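User: Can you walk me through a model? I'd like to start with the pockets.
Analyst: Go ahead, here it is.

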Amino acid sequence: MTARRRVLLVMATLGAAAVALSAAAQALHYPSKPLKLIVPYPPGAATDNITRAFGLELSKVMGQPVVVENRPGGGSSVGIMAAKGQPADGYTLLVRAEGFYSAKLATPALAYEFSDFEILAPLALSSYAFIVAADRGWKKLDDLKSARREIDMGSLDLGVGVYSMLAARMSRELGIRSRTIPFKGGSEGLTALLGGQIDAYFTTIGTTQTVKDNPKVRILATTGLPGSNNFLPGVKTFQELGLPRMVFSSSYSLNVRSDTPAAIKEQLARAVQQANASEAMQSARRQHYLEPYTGSLEEYRRDQARVLKEFEAAAAEDGKAVK
């Protein structure tokens, strides 16, 4: 080995050691300032509600204020990019739902990759209710087959997402024709349904609570598993009605930049687990009509990998339809 190569090797070793010492020092003093939770959805949404409850509990565990910052827009890409643009030091966390996948699939040029973030914990789950305008005369799912036109279904997606995927899947299962009508927010879609501007709508169980007793609306099914519907008694699941492929729940999870130092991620993971298991979080989930995730973190990560494949398949199918 030449003298120059030995010098370079020594310098590289010293550099790596300096980086390791710096990361260790950061972890030793972590957290030394407030943390930020970025929510890519507007205030008042289910994701925002459960995040604020979680932020209060995480603040107690970490001994630092936890600030919730809403960054809606672009199918959640605005918030995701805001989180990615912050240092990977454990002080900025991202709360994500399925928009994390659909935004990227709709716009591949977005400057983030799925691997840029690591899941620390699932916060909550929400299944969906399928609701229709009562004046259409549809009292059960099979009644939709009598429609001699496309059924207008509200959607909150940019491209392929939860709403459009569920609408397309149900349409195939029932053998009906439908088209998705985009809206900016859940309340806007409900207003359109109540006003008779659209025929049907998939919406979260929590949002459905605001209209479940309205005579202008009829709830035909939910996307949860049989026995999981604790908030809409008497309403059957799609699976119970003979459509097993319509089982689906959105999930909200806490994420950190993947390149955050391992020691900080370990501290965060322990704190997050403690905050997430608190009585206050259990109460918050019930209050906002959300379910807990009962499996392990590894099981959740595998579930999310499966959800991504579902979105990729739906995007590919949508691309074929366009062609």
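User: Which element gives the largest share of the lining of the second largest pocket?
Analyst: That is α10, with five residues. Helices (H or I, at least four residues) and strands (E, at least two) are DSSP runs, numbered from the N terminus. This is a predicted model: local features need pLDDT of at least 70, side-chain atom pairs count only at pLDDT 80 or more, and totals for chains, interfaces and linings use all residues. Residues are numbered from 1 along each chain as its sequence is written, and side-chain values use heavy atoms, with hydrogens and water left out.

User: What volume does the second largest pocket have?
Analyst: About 580 Å³. A pocket here is an open set of points on a 1 Å grid over the protein atoms alone, where a 1.4 Å probe fits, with protein on both sides within 12 Å along at least five of seven lines; lining residues have an atom within 4 Å of a point. The volume is the space filled by probe spheres set on the points, which are joined across faces, edges and corners.

User: Which residues are closest to its centre?
Analyst: Of the 29 lining residues, L125, L225, V247, F248 and S249.

User: And the largest pocket, how much space lies in it?
Analyst: About 1100 Å³. It is lined by 43 residues, and Y41, A45, L156, Y163 and G186 are the closest to its centre. Elements giving two or more residues to that lining include α2, α5 (162-174) and β9.

User: How does that lining divide by class?
Analyst: The lining of the largest pocket has 19 nonpolar, 21 polar and three charged residues. Ala, Val, Leu, Ile, Met, Phe, Trp, Tyr, Cys and Pro count as nonpolar, Asp, Glu, Lys and Arg as charged, and the others, Gly among them, as polar.

User: What does it pair with?
Analyst: Strands pair if DSSP finds at least two bridges between them. Three bridges join β3 to β1 (residues 35-39), running parallel, with L37 as the partner of L93. Another three join β3 to β9 (residues 249-257), running antiparallel, where V95 stands opposite L254.
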